[in-house]
Amino acid sequence: MSAATTTAAGRWCETAWNGVRLQVPAGWHPREVGRRYLLLASPAGPAMELRWGPAAKTLPAPADYLRRLQPRNASRRLIRPTPLSAAWQKALAGFACQGFTWSDGGQAASGVVICCPACRKATLVQFFHPPGAGAGPAADRILTAFRDHGATQTVVYALFDIRAEVPAMFELAAQRFESGYFELAFRRPRQRLVLHRWGPAQVLLQGAPLATLGRRLLPGSDGRPEDLVVGAHRGLGWSQGPPDRGWQRWWGLLHPGERFRHYRIWHAVDRNRLMGISLEGRLAPPHPWLEALCEAYESI
Amino acid sequence: MKVFKRRAAASAGASREASLACRPAKNPEVQETLQDSGELLLTYPVRARPWFEALARRLGAPAAGVQTRRLQLDTLGTAAWQLLDGQRTVAAVVQAFGRKFQLHPREAEVSVTRFLKELGKRGLIGLKAPPGAVRTAAGRPPRT
């Protein structure tokens, strides 16, 4: 039985990364995360792989993408184009698609190349299963919920236990998923945004005030913090601007670097997490989207 | 002459499932000291390596014998150590640890397995393989 079918009856959760959103069984966790790449694994092993990217000037046919994936030196064709099943056709209505299967040794996969005429994105999705077995009913549901662009001006990131809605003007620059610390870094011209998540909060705080820990965790957060409320959580914020008088003002204008810094940290007591945001750059406030970003950034 | 030799395939080792099914057991020679902070200090004996002892003897140094080392555990390490009762499997320890600190299952697994690996390197714990999964160090079944 494939990994997809074994978990089909369980809970499902949202997975969203850099423009792509889908629903997967709750037991499937990311094993590898790239800028435009996700490998999800079930307890039984690798279950699903996604790879996507923007198309060039003209959106090629999905079959062309498939042709490019064939190994050049292979004596036989490893990847076989296949027609989509009725369930997959229904799930992916509105996309240009080409199904495929491959089998090599003890591994096999069924997948589909999806080209979106609306956002001009090409996505390869494949489900791993034992040779001779199919992708299973879980794959149908995953593809039904598949979205490669949103209707709003924000991009959703939902991986592991964090969920954020980041303004689309920011581009994902880097990510770190370490035990106890997650970091998503974004950038746009003249501004850098970093989302932090620390845990477990009770161990990190150990009775110390949040301000002390915040200064240690967010380098650059100097001065007196202001109290703030993010959603239902209490937190602290630091804002720093360039000196507005004297020689330091002229020095700041002549030298590139982050002139405006905003740091926020709040304690999600119910989730035992510390959530934080760093915003640094040469763009002056106000940043009207910052409040909405903080409200939507949560540990789930 | 072959310039680029093919590397020998690395030993596959135990699978993830097999590793999670093992039961970690504490070394009985390890002494635990509970400190005021609630954290544990582990004291354990270490025997010098034979080649080092031989070298020391040749150079006329006194025999190193058995030395005592200490390992200070933090809050998370103490909690994980206290979960090792010789009965729980690695998977059960991961689950209990994750539940205690409200960690994501994958995050708890990485934290606990890394910690156990470190303890194993120092000889503070051993791993009992589940019945029917006896393997040699190279990952092959033992010769009969």
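Buried area is the accessible area (1.4 Å probe) that two parts lose on being put together, summed over both. Keep that in mind for these views of a predicted model, where local features need pLDDT of at least 70, side-chain atom pairs count only at pLDDT 80 or more, and totals for chains, interfaces and linings use all residues. Residues are numbered from 1 along each chain as its sequence is written, chains are lettered from A and ligands numbered from 1 in the order in which they are written, and side-chain values use heavy atoms, with hydrogens and water left out.

**View 1. Here is where chain B meets chain A.** Together the two chains bury about 1,300 Å², with 48% of that on carbon and sulfur atoms. On the chain B side, B:Gln102, B:His104 and B:Glu107 lose the most area to chain A, and together they account for 42% of what that side buries. As for who takes part in the contact (heavy atoms within 4.5 Å), chain A brings 21 residues and chain B brings 14.

**View 2. Zoom in on a salt bridge between A:Arg197 and B:Glu107.** A salt bridge puts a side-chain nitrogen of Lys or Arg within 4 Å of a carboxyl oxygen of Asp or Glu. In this pair, the N to O distance is 2.5 Å, and the rule finds one salt bridge across the interface.

**View 3. Which parts of chain B supply the side that touches chain A?** Helices (DSSP runs of H or I, at least four residues) and strands (E, at least two) are numbered from the N terminus. In chain B, α1 (16-21), α3 (75-82) and α5 (105-121) each give at least two residues to that side. The largest share, five residues, comes from α5(B).

**View 4. Now look at the buried residues of α3(B).** Buried means under 20% relative accessible area, while exposed is over 50% and partly exposed lies in between (1.4 Å probe, protein chains only). In α3(B), the buried residues are B:Gly77, B:Thr78, B:Ala79, B:Ala80 and B:Trp81. Their packing partners in chain B are β1 (23-26), β2 (31-34), β3 (40-47), α4 (90-101), α5 and β5 (125-128).

**View 5. Step back and take in chain B.** You can pick out five helices and five strands, which run along the sequence as α-β-β-β-α-β-α-α-α-β. Of the 144 residues in chain B, 31% are buried. Take the contacts between residues at least 6 apart in sequence: 63% join residues at least 24 apart.
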